[in-house]
Amino acid sequence: MSNFYNQTRAASSLMGRFKRSLINPTAVTRARCFTTAEGHRPTLVHKRSLDILHDPWFNKGTAFSMTERDRLDLRGLLPPNVMSSEQQIERFMVDLKRLEVQARDGPSDPNALAKWRILNRLHDRNETMYYKVLIANIEEYAPIVYTPTVGLVCQNYSGLFRRPRGMYFSAEDRGEMMSMVYNWPADQVDMIVVTDGSRILGLGDLGVQGIGIAIGKLDLYVAAAGINPQRVCYSFSYLVLPVMIDVGTNNEKLLKNPLYLGLQQHRLDGDEYIAVIDEFMEAVFTRWPNVIVQFEDFQSKWAFKLLQRYRNAHRMFNDDVQGTAGVAIAGLLGAVRAQGRPMIDFPKQKIVVAGAGSAGIGVVNAARKTMARMLGNTEHAFDSAKSQFWVVDANGLITDERENIDPDALPFARNTNEAGRQGLREGSSLVEVVRQVRPDVLLGLSGVGGLFSKEVLEALKGSTSAKPAIFAMSNPTKNAECTPEEAFSIVGDNIIFASGSPFRDVDLGNGQIGHSNQGNNMYLFPGIGLGTLLSGSRIISDGMLQAAAERLAAYITEDEVLKGMIFPPISKIRDITKEVAAAVVKEAVEEDLAEGYRDIDARELQKICQNEEEVLEYVENSMWSPEYPTLVYKRG
Ligand SMILES: NC(=O)c1ccc[n+]([C@@H]2O[C@H](COP(=O)([O-])OP(=O)(O)OC[C@H]3O[C@@H](n4cnc5c(N)ncnc54)[C@H](O)[C@@H]3O)[C@@H](O)[C@H]2O)c1
Ligand SMILES: O=C(O)C[C@H](O)C(=O)O
Ligand SMILES: [Mg+2]
């Protein structure tokens, strides 16, 4: 772990050169602009009148000043009272909060979908205000625009669809993608989140409706990482792009639904499937060679294969495999610290994992590597670290007797003789495994709500750890393996709990709080993307992912950890993302992968990376914040 955090954050004189704010929209227009009476640099627009009010990027609604209304032919098209942006948000929030009366239940909010609709309509008409609202209230609205409500949105997408957002490439578009990609009105795209809809959260195959998850993830890229959604320059850039690759669906309900918006055919498979994804990758990297592509919610069958296929030559990563692994590692290290033990004790932890899909196997692979590194990074260390894991899937404990074992799970199959000595066998149930292994950690990435039943949690009471950890990481809320109430009430107060979806903390009585940490990859993917962008790294290496996870782990203080807090509050997500991105930039430079970004070349980046404080400032000054620019009309 770096000693980064202990260093004094001295002010840097060098930072003047970054103040041009690399991703800031007003900065890039500077060359063509002059200063207004208010002292702001104006943005030139080629639209007037209603066209501006209907443009979510330029629209300020009632916040247009009287001079702007005159200048842009808006006079009479808006109510006369000019509002400040704060007043606008207040008025909007009064409306949104009307739904709060029965919404005291947080994530199980009965009005979640109604709130999503209201926020989505705001997104459609005024993008600046939308992101202002989201950033200022991230703890409250991340569960609406993202997990868990985004799951409900995807399930109901056919009914909710209004305005298209993002791009759709389908199996019918084979041979056309290279030209289609030019239909997107931007010469630069920084970030793509792509899904094929085959495994949306724990909700299964939702076909084309899975676009909702790509949109939700990109909302966090804007809110948490300050990736500018659009840039106003000489031409428009839509810098974040949600993508749906529709190769069909195997969801019979959708196939029979005449209102379903996607291709009504079974999913392509085998070489045909790969050919579609290859064509998509070639098209987007040809048009935008520097784009970063985040793969999201692909069924495990393809998640690993596609990752291996592209990761050495493209700027891409799989969030479910790699982002989740990093978040889990940070949480697992936190759990060790919470037991009052040094982090170096991590390789001694016995970990039972329920779920051997893209997420579960991603986590055990990364945890094994972390253990091996702590044990000296030898081949022997790597080999022996695997014996700390017991992986259970839908067919029970995975051993080397398993027929047709998934090659990705094979390294973690328990030796049958050894298992026998522990009273276990191929296919042993989760409760048997927990009873016999008496693990320090029980981690769920199964997608099965309630899997950590009373019986399983009772068995965990026999853990050899003084403070066992329960990670119920499946999403959305109803798919969580157990709730924090269940965990604390059955296993006892002396546990560590984390879940993928947000839950409220538990009142343990006597002023004690049972912390329900949210262990979600949202803590990492925005920083991984931003750090990759700002370093200009050619690829996303294991080292960069490890640096991201370590920085997240270090974010929590010793005091917090001892109270049972292993992840920071979501309200800090922008600051966390800045830290994570800085760690990623540094690692990319150290590994000689960084080629620089915009006017900061590789050599300048190297200089910046010599000083921790400067890297942080570089990242911070590159993060976009939503503010209304002053608009001036210019004939197109
Ligand atoms: N918290 C996070 O950040 C995060 C990140 C990624 C995925 N997830 C969640 O993890 C879940 C799984 O994702 P995935 O991509 O690995 O899915 P997947 O479908 O690829 O894998 C699910 C695995 O669970 C196993 N399983 C099913 N029933 C089981 C049972 N009764 N007992 C034990 N194992 C069982 C399956 O055999 C399979 O191995 C989803 O709910 C997803 O939302 C959470
Ligand atoms: O989307 C999330 O909330 C986390 C994760 O990517 C998942 O698939 O569940
Ligand atoms: Mg996911």
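# Exercises on a predicted model and its two ligands

The protein averages a pLDDT of 91, and 91% of the residues score at least 70; pLDDT is the predictor's confidence in each residue, from 0 to 100. Over residues 1–38 the pLDDT is below 50. This is a predicted model, in which local features need pLDDT of at least 70 and side-chain atom pairs count only at pLDDT 80 or more, while totals for chains, interfaces and linings use all residues. Residues are numbered from 1 along each chain as written, chains are lettered from A and ligands numbered from 1 in written order, and side-chain values use heavy atoms, without hydrogens and water.

**Exercise 1.** State how many contacts residues 1–38 have beyond near neighbours in sequence, and how to read them.

Step 1. The stretch has 79 such contacts in the model, a contact being heavy atoms within 4.5 Å.
Step 2. Where pLDDT is low, the predicted coordinates should not be read in detail.

**Exercise 2.** Describe the surroundings of ligand 1, from its shell to its buried area.

Step 1. The shell holds 26 residues, the closest being Arg199, Ser300, Ala356, Ser358 and Asn521; a residue counts if one of its heavy atoms lies within 4 Å.
Step 2. Look for polar contacts, that is, pairs of N or O atoms within 3.5 Å. Oxygen atoms of ligand 1 lie 2.8 Å from a backbone N or O atom of Ala356, 3.3 Å from one of Gly357 and 2.9 Å from a polar backbone atom of Asn521.
Step 3. Taken alone, ligand 1 exposes 860 Å², of which the protein buries 83% (Shrake-Rupley method, 1.4 Å probe).
Step 4. α15 (319–338), α16 (358–374) and β10 (389–393) each give two or more residues to the shell; helices (H or I, at least four residues) and strands (E, at least two) are DSSP runs, numbered from the N terminus.

Key: A polar contact is a pair of N or O atoms within 3.5 Å; within protein, one must be able to donate a hydrogen and the other to accept it, and residues adjacent in sequence count only if both atoms are side-chain atoms.
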